[in-house]
Amino acid sequence: MADTVPTSAPRSPLGGAAARLAAATRASAGAVRLAELPFLTQVNVRLDAKGPAADAVGLALDLPLPLEPNTVVRAGESTALWLGPDEWLLVAPPGRERDLETRIRDAAGDEPVSVTDVSAQRTTLLVAGPRARDVLAHGCPLDLHPRVFGPGRCAQTTLGRTQVVLVARDEPRAGFWVLVRSSFAGHLAHWLLDAATEYV
Amino acid sequence: MLLIPCPWCGPRDEAEFHYGGQAHVPYPEDPSALTDEEWARYLFFRDNPKGPFAERWSHAAGCRRWFNAVRDTSTNEILTVYRTGEERPASIEPSPVGAPPHAAGSRPGPAEPARPAAFESGIVPAEGKPEAAPPGEGRPTQPFRHPTLGRVHRDEVLTFTFDGVTYQGHRGDTLASALLANGVVQAGTSIKLGRPRGIFSAGVEEPNAVVQIEEPFPEPMLPATAVELYDGLVASSLPGQGRLATAPDPARYDAVHAHCDLLIVGAGPAGLAAAEAAAGSGARVILADDRPEPGGSLLGTGEHLDWVDAVTARLRTAPEVRVLGRTTVFGYYDDNHLLAVERRTHHLGAAAPENVSRERVWRIRARRVVLATGAHERSLAFADNDRPGVMLAASARAHLHRHGVLPGRRAVVLTTNDSAYAAALDLFAAGVDVAVIADTRAEAGEWAERAREAGIEVLTGHAVIGTDGDARLTAVTVAPYGETEGGREFAADLLLVSGGWNPVAHLFSQAGGRLRHDEALGTFVPDTCRQAVEVAGGASGTPDLAGALAQGAAAGARAIEAEGYTAGTPRLPQVPAQPRPTPPQHLFTVPGRAGAPRFVDLQRDVTVDDLARATGAGLRSVEHTKRYTTAGTANDQGKTSGVLASGVVAELLGVDVSALGTTTFRPPYTPVSFAALAGRDRGVLHDPVRTTALHEWHVAHGALFENVGQWKRPWYYPRDGEDMGTAVLRECRAAREGVALMDASTLGKIDVQGPDAAVFLDRLYTNMMSTLKVGMIRYGVMCRLDGMVFDDGTVIRLAPDRFLVTTTTGNAATVLDWMEEWLQTEWPELRVHCTSVTEQWATVALVGPRSRDVLGSLAPDLAVANDDFPFMAWRETTVAGIGARVCRISFSGELAYEINVSPWEALALWEALYEAGAPHGITPYGTETMHVLRAEKGYPIIGQDTDGTVTPQDLGMGWAVSKKKPDFIGKRSHARADTARPDRKHLVGLLPEDPGTFLPEGTHLVADSVLPAPPVPMLGHVTSSYRSAALGRTFALALIKGGRDRVGERLYAPVGDRLVPVTVASPVLYDPEGARRDG
């Protein structure tokens, strides 16, 4: 699949919703910002957190894998999300999946490691603005108060009855990433626009 | 909702978890060595203890880890959690029951001093004066409005209609207070007896004035005492029963989640004091109150309102403090999860903004809770105690101070305790002529002295023995307590009653708290509770204001200090000295005129006589008398009558009320509309909808959709004028004769990686997967431990240590959970990881004799000849310039391919195939055609042709069950006597003898052409039924006892009132030789 030349531009799960998200963002006069961040590289990594591969992979990526549950580590444009005691999601700008997979496998050597490209499995929604927490609170049972879910936190939970990965961005004002399965993305965008009704 | 502490992620809502049954029940080392009985014991038998129980849970919506929890099955408390593989902790004690709330005092009910003499300047003549507002239509408006008292906004005149008559009120009124201001006290008739009933209270406890709101939107059964007045309100009285709206409610209802360190329920003196102590500490505090403004009972007594305003102002600006007005906390659930409903725009009437929800459900998770819910005054069971004009004493006082309304001109007071004196004195000071206070006690103490000093006659040891009046009370007869005749008659249009006070312990009780009977108070008060909750003020039985304030402040401080914050010194008002209290008399019934009903539950028309019939019938429990008489079952849920009913039943049985207790309090505290509970979870947001990357194309091409799990799948694509049958026959023909394509992206896909991946799949599937060669594909079946088919799909070997597994569309998450459960709990030694990649790939099925031509034209690098690319092989290549994994799989028996690409490129692929196939008449098809094609080939659909009682052998798939593998999940069960029976139901084909007759799915099958007398022996049932283009007839699949031995037999299918003759056939009805597979 090395010489892939798509015949047309790739289409993201929420390409069709971009205008509605932008319109709500404009109408809210800064209260809420909703947008899809399409095509981000997402690579699922499974390895023994206590084994030698964990450190080796962290070094190779220049991105230590977070060991504390529900935290993220950022380095440059890449982010490593804790998903489980032996599971991480690496998120990077579009097109990095091959490179990441190669570096991880090379670094792990003979240690058993599973690497799976899941870039299209989920898409990423940005939910930001002063009312971002209020919008999410309509459907997310987690406590997203900055004391509890500040920068550096992530969680797998449910939002509007879809499973999501929530990430608190670097600073409270930067809002949240909501990673959602692509098949649910249309529903979740609809849900978010509905939840934002009072703020737009 | 329980909070379950995931060992990795910490406490999360129960809804994020899956239950996995009893823990520490290991899979037997060698199932084949077990007897059937031993195996059945492992399979079907689990402990069921009361108390601590170790069980498996999976954090399914979170980190997907399985872990163990010890749960107390009698309380649902999770005592501990630990990771799989760890030993169960030796001994775990349930958490101690909380300390009793800090109850103090000995007198029920808030008893505060009467108004100072200065208030007398506010006296209005008994005849009343016209209001400041201009009279409309010559009608003197609001003749019962006090000129100065109350917190209504006199500059805002609101017009409303009740029972067709237009009235005026003010902002700040309730519907009830506005009616009273206009001299209207009757607000309905009773449900069974049709007796006129009047406004009885000033709050949510109202049993009588339950009205129908007609506009702006019809709502039934709202207490007029809790309906805020707005301009344009149209309401009508009810005969005890309301009417639901027939049109959809256009308003928006929504819900939010909230978290706090401390939730305070009730913004009366105790609640405000608690908030005052907690605010400013940094703790996150929510103060919820059901009224439009804070103050609680202080609003009703008119005391310390400056303090209320000052505290409220501080709270509104304090960081991390949220004040929720018009918010009723109605449910108290596990782990301090409380539900509240906020009425956000009701009071705005037609002016409510459309984008603001009318009601909002708050789902609050609180570290600590302080319940400061106050107390409800209760009535007494005396003769004719239901006439309009009979009102709870403190409620009359509240109408005066909150709304500036005089509930009558001339009042009689009946009381068993001190608290009614303050009401009488305040009303007297405001101009109500208080004719007499009948106090059942022999000694009435200092309060009576104060009343006498004010000029009010007090008759101790007296009670009301009868009342007169129809639409409104006209007279009250008072006699020494115990007498039933004679007495003195007082002309009166108002009878104030106080039978004592009931702490509002509803939420405490819902929380699992126990109530105890307080001898001094003569009622039930909160005792102990396992949850982190305290009760303060009137709700705990504390009768006096100073005590309530101190108790509230202490509870608020304790709560936040337990959470690590430092409480400040709260500013509390100085409460002036009170008259010395006199103990209340514990009394429920009052003897009265013969034949006059003595009502206990006004809303259900239940009298003392009704309860006597219940006890006479032998009922000894208040739960039973409640159900026998319906007392306490109306939508007021017996707030003013529940304890009274217990007291009456106790008297009838000759026992102490403390021995009877109360009936159980259950959520909701007050009625909550279904619209609010549904919130936004309705219409398209009712359930998530999953769509594929090709969804918009399907919509644009006229597809009708079928729900498969949460997926929307194209069902069929009707052309102009086509019905479903015609469209499906056309689609089937295209797939069998030309080329057709289908969106198969919804199939579940799981990437299975690791050195032990092949070993793992060998254990999961009935057939052998480890022998599969890289580059090849194998169909596989999975069973549950009981040997029944659970899922099927294909397994693609990508590399020696990597497979891609497909599952049925609806079962993808279940299969992944199943894999994780085995890996994490039973086989942690296996070096395998499973990752869902369902949406990583879009899949297009290209089917039909021309499919090779179409694929070949778009995949120049792919050798498509049968020898180069055989059945059950896969290749990586480019199709239409798009990187693709092409699998030669067929679910139709035709030459077919499944082309997997990135969903980002799926539309480009689909459109390229559609264009390249056009010369061959390429046809998109949906799930219905897929079902027909597979059924013609006898391929079962798991979940349609199976129901959890079907083995692979029953399906005729013994070939997919390995005999070489030592074990796989379900193998031992296949050897059980029951699964080896020859007369099990087999999947077979059915051909109706009339090729046009269609058998509905679910049709049963019988042996004879004439139905015998019942019970009729059933041989099986139809699982799938279609019309076949290829066969030129109808056909069906069915599960039939011993079906494979009946091929060729004639059976009968009862369809309507006919017995349709059918012939049993092989399930493979089309191309049984498999000649079409390779094109």
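Predicted model: local features only at pLDDT ≥ 70, side-chain atom pairs only at ≥ 80, totals over all residues.
1. As to the chain as a whole, chain B contains 23 helices and 53 strands, and its C-alpha trace extends about 115 × 70 × 65 Å along the principal axes. Of the 1079 residues in chain B, 55% are buried, while 66% of the contacts with a separation of 6 or more are made between residues 24 or more positions apart.

2. One residue may deserve a look of its own. Asp723(B) sits in the loop that runs between β36 (711-716) and α17 (724-737) of chain B, and it counts as exposed because it has 9 C-beta neighbours inside 10 Å, where the cut-off for exposed is 12 or fewer. Between the C-alpha atoms of Asp723(B) and Thr663(B), which are 60 residues apart along the chain, the distance is 59 Å.

3. Turning to the interface, 48 residues of chain A are in contact with 51 residues of chain B. On the chain A side, two or more residues each are given by β2 (41-46), β4 (78-84), β6 (114-117), β8 (154-159), β9 (162-168) and α5 (182-195) of chain A, with α5(A) supplying the largest share, eight residues. By class, this side of chain A that touches chain B comprises 16 nonpolar, 24 polar and eight charged residues.

Note on methods. Residues numbered from 1 in each chain as written. Chains lettered and ligands numbered in written order. Helix = DSSP H or I, 4+ residues; strand = E, 2+ residues; numbered from the N terminus. Buried ≥ 20, exposed ≤ 12 C-beta atoms within 10 Å, placed from the backbone. Contact = placed C-beta atoms within 7 Å. Nonpolar A, V, L, I, M, F, W, Y, C, P; charged D, E, K, R; others polar.
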